[in-house]
Amino acid sequence: MIDKRPRLIAQCVDVADVIAAVGFGRDQGLPIAIRGGGHNGPGLASVDDGLVIDLSSMKGLRVNPGARTLRVEPGCRWGDVDHATHAFGLAAVSGIHSNTGVPGLTLGGGHGYLTRRHGLAIDNLLSADVVLADGRLVHASEDEHPDLFWALRGGGGNFGVVTSFEFRLHPVETVIAGPLFWPIEALETTLRWYRDWLPQAPEEVYAFYLTAEVPSAPPFPPELHGRKVCGLQWCLTGSEADAEAALQPAREVAEPLFEGIGPMPYPALQSMFDALYPEGLQWYWKGDVVRELPDAAIAEHQRFAEVPTSLSTMHLYPIDGAVHRVEEQATAWRFRDATWSMVIAGIDADPANQERMRRWARNYWEALHGHSAGGAYVNFMMEEGQERIHGTYGDHLPRLQRIKAHYDPENLFRVNQNIAPAS
């Protein structure tokens, strides 16, 4: 899907390599792209005729089970993290795919299955080591370079190359999880119910709303293969009795077509979509952050509910609960009063379907954007221009620009959702 031709790829194995690569790119005047997990929709992990600093070989991990912390290098994906932490009955706040890279998801904010209970990935970031544009390695935390630490938590890869992340971990081992599907004709009924139910649900209850086509594979029964559905993907971290109490209203609002919910190790939930979405697919996504779902917005969801290709989908991810307990000014990520992060994702294996997917995603997004908070989760943005950057960071943008001017005044790190330095 991404067809860019770098002049040079620096495959770094340690911090010294990163320092050398940054210095070389700066001295040669090359545009620099930073590749972590490579899970970047607009292709900003690569660059034409420039330098790619490839961190994928930097895969060191160290769990401190007593302190419940994790030190992880930027080549790791969340599946690597889950494998290391699960041995100690612990988990990090991450996303919903095991093959997503740690750095990209984290620096954009990072929401997923544990967010309602434990916040965003950035709310659990304790420190980071960063190679700056001038080649210095600095440690950023609440006590050291606190302005840089503030900007890293939501500001993306604008401020340097992060070579190490330190996270707080949480006791999570077995969860009760899986999908529940209703017929697509039940969307308005179920989405109205979900809108009213979710904010009142205990934080141990996580469920994102989706529209999709049932995959033609186990564990789904053959009579449902290819059927258009709406539904919920669950992750419940309480007791089985609590889980049953949470699930029952969903069964009553409309009769489910399918229910595949049960106890499983947390890493099994994190890797549930891996086979469905292998590497090499065509993607086009559009996102927005949502505070409320009025009936008019739900009607638009119904209008666009039938996905254009078998892998395309719409997700509404909860970002309430613990996220709301963090002050809006505490991090660069500013949507502390929102309820959902929405993504509309056109996905298919065939490049010939790219235009159909894009048209569906754009039209769907345009119909709903007026009901949004005006900006997006930066990880769900394609290359959409500075107006969208302004909408996403809002009144946090001037501070981000001042911090950018201090740490990267020449905008060396600009192959990203770019925050230009203050003049």
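In the predicted model, strands S17 and S18 run antiparallel and are joined by 6 bridges. Within this pairing, Met-314 has Ile-344 of S18 as its bridge partner. Strand S18 also pairs with strand S16 (residues 282-290), again in the antiparallel sense, over 9 bridges; here Val-289 stands opposite Ser-341 of S18. Of the 9 residues of S18, 9 are buried, so the strand is largely enclosed by the rest of the structure. Side chains in a regular strand alternate between the two faces of the sheet. In S18 both faces are covered, with Trp-340, Met-342, Ile-344, Gly-346 and Asp-348 buried on one side and Ser-341, Val-343, Ala-345 and Ile-347 buried on the other.

Helix H9 (residues 295-303) has Ala-297, Ile-298 and His-301 as its buried residues. Viewed down the axis of H9, these residues fall within an arc of 100°, so they line one face of the helix. They pack against S18 (340-348), strand S17 (313-318), helix H6 (187-197) and helix H10 (354-369).

Across the whole structure, 24 aromatic pairs are found. The ring centres of Trp-197 and Trp-234 are 5.6 Å apart with the planes at 65°, so this pair is edge-to-face. Trp-197 counts as buried at 14% relative accessibility, as does Trp-234 at 0%. Ring pairs also link Tyr-113, Tyr-206, Phe-208, Phe-273, Tyr-277, Trp-283, Trp-285, Tyr-317, Tyr-377 and Phe-380 into a cluster.

Charged side chains are likewise placed over rings: Lys-286 lies over the face of Trp-365, at 4.0 Å from the ring centre, and Arg-399 lies over the face of Trp-150, at 3.8 Å from the ring centre.

Conventions. Residues are numbered from 1 along each chain as its sequence is written. This is a predicted model: local features need pLDDT of at least 70, side-chain atom pairs count only at pLDDT 80 or more; totals for chains, interfaces and linings use all residues. Side-chain values use heavy atoms; hydrogens and water are left out. Buried means under 20% relative accessible area, exposed over 50%, partly exposed in between (1.4 Å probe, protein chains only). Helices (H or I, at least four residues) and strands (E, at least two) are DSSP runs, numbered from the N terminus. The arc is that of the directions from the helix axis to the C-beta atoms. Contact means heavy atoms within 4.5 Å. Two strands pair if DSSP finds at least two bridges between them. Rings of Phe, Tyr and Trp (its six-membered ring) pair if their centres lie within 6.5 Å; planes under 30 degrees apart count as stacked, over 60 as edge-to-face and the rest as tilted. A charge sits over a ring if NZ of Lys or CZ of Arg is within 6 Å of the ring centre and within 35 degrees of the ring normal.
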